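Please keep the structure open while you read.

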Amino acid sequence: MPNLDVPTMSADQLQAGRMRLARPVLPLARLVEILFLSGPFATAAEVLAELNEPIETAAIRYPAPAATLTPHLDLLGEFERLKDPRPASYTVLAPDGETLPLLEAVEAWVAQKILTRELEAINSLLCGPGGCALCCQGPTADMRQDFFAIPLSAAEVGLFPLPCHDSPASRRLTADSEPPLAVAGRPFFAAPAGLYHWRDGWGMILPRRTSCPQLGADGVCAIYPQRPQVCRRPQIFAYRLEQAAREVAETVTVWVERGKLLAVWDCPYVRALRPEIAAYAEACELEPIFKENKA
Ligand code: SF4
Ligand code: SF4
């Protein structure tokens, strides 16, 4: 089993992510919205074409605003619905369940999508260079959990050479069901690491003191470019909106306003960059929440 100590990250390893955290896209996206609504623009692209000079806010300087915003033009185009209403694929509720007016709903949806994309990019800059493999292992002996579960899509299951448990019993239960699924007469998490088809989808179960079979002895993922979607997710999560359990129609997603940024405290880059993450949240008008996942 590889060495799974959580390493301390050096200033150099943190620098690229730190720079992105210091210059969030969302304040610029808000500026695009204001200009679009107050000016003679038909599209968000027309607004971007005007943003050729550096822009300075109270705390942040954007040397090339159009270049920063261009990768998000597909999302900024959503503002166009405010001048040219068309059916939406989502609805946004306030925490009390009231439906938000169109302007607030569009603002919140665009913010959630931009934050999610940006934080995934920041995660890729920070996770990897540090040689940390905390997300690729089961609980250590001193943790209270019996296992960690890594959700997988059906297409990702084949990436892992592990025993497969797919039975009517597994499909009736989830990894958190009580009593737990039995494998060879014992709780499933007493068996070696494996792939399970649960009621809510596939997952890799990593019991105590096990690790993902794709984690090399050097602590590096052997399938990094093809790693599953869940392994690409950041430890700093956009929680501006939360997807609600219900749908108003098959084609309409319901979101609920939360206004938060979640950062998982177990991750070494979250620990190292706490002030920068808090400043990022403030610039995006979000409340930062630091929480521990694995303890
Ligand atoms: S696939 Fe790679 S990144 Fe994902 S858990 Fe396994 S070793 Fe870690
Ligand atoms: S996301 Fe954080 S905790 Fe997970 S492997 Fe990367 S650096 Fe480690």
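**Notes on the pockets, ligands and backbone**

1. β4 provides the largest share of the lining of the largest pocket, four residues. Helices (H or I, at least four residues) and strands (E, at least two) are DSSP runs, numbered from the N terminus. A pocket is found on a 1 Å grid over the protein atoms alone: it is an open set of points where a 1.4 Å probe fits, with protein on both sides within 12 Å along at least five of seven lines, and lining residues have an atom within 4 Å of a point.

2. This is a predicted model, in which local features need pLDDT of at least 70, side-chain atom pairs count only at pLDDT 80 or more, and totals for chains, interfaces and linings use all residues. Residues are numbered from 1 along each chain as its sequence is written, chains are lettered from A and ligands numbered from 1 in the order in which they are written, and side-chain values use heavy atoms, leaving out hydrogens and water.

3. The largest pocket has a volume of about 1,100 Å³. Such a volume is the space filled by probe spheres set on the grid points, which are joined across faces, edges and corners. The pocket has 46 lining residues, and Cys135, Val230, Cys231, Arg233 and Gln235 are the closest to its centre. Two or more lining residues come from each of α6 (102–126), β4 (147–152), β11 (252–264) and α8 (268–272).

4. By class, the lining of the largest pocket has 30 nonpolar, 10 polar and six charged residues. Here Ala, Val, Leu, Ile, Met, Phe, Trp, Tyr, Cys and Pro count as nonpolar, Asp, Glu, Lys and Arg as charged, and the others, Gly among them, as polar.

5. Where does the largest pocket lie relative to the domains? Domain 1 (11–131 + 230–291) and domain 2 (139–210) both contribute lining residues, so the pocket lies between them. The domain bounds come from an automatic or database domain assignment. The C-alpha centres of the two domains are 34 Å apart.

6. Ligand 1 sits in the largest pocket. To sit there, more than half of a molecule's atoms must lie within 2 Å of the pocket's grid points. Residues around ligand 1 include Cys136, Cys212, Cys221 and Cys231. A residue is near a molecule if one of its heavy atoms lies within 4 Å of it. The shell has nine nonpolar residues, one polar and no charged.

7. Ligand 2 also sits in the largest pocket. Among its surrounding residues are Cys127, Cys132, Cys135 and Cys267. Its shell holds seven nonpolar, two polar and no charged residues.

8. The second largest pocket holds about 320 Å³ of space. Of its 16 lining residues, Gln112, Thr116, Phe237, Ala238 and Trp255 are the closest to its centre. β10 gives the most to this lining, with seven residues.

9. The structure has 11 salt bridges. Each is a side-chain nitrogen of Lys or Arg within 4 Å of a carboxyl oxygen of Asp or Glu. One of them joins glutamate 285 and arginine 30, with the closest N and O atoms 3.5 Å apart. Glutamate 285 is in the loop between α9 (274–283) and β12 (287–291) and arginine 30 is in helix α2 (residues 26–38), so the pair ties together parts 255 residues apart in sequence.

10. Two backbone points remain. Most residues other than glycine have a negative phi, and most peptide bonds are trans. The peptide bond from glutamate 178 to proline 179 is cis, with omega near -10°. Arginine 209 has a positive phi, near 60°.
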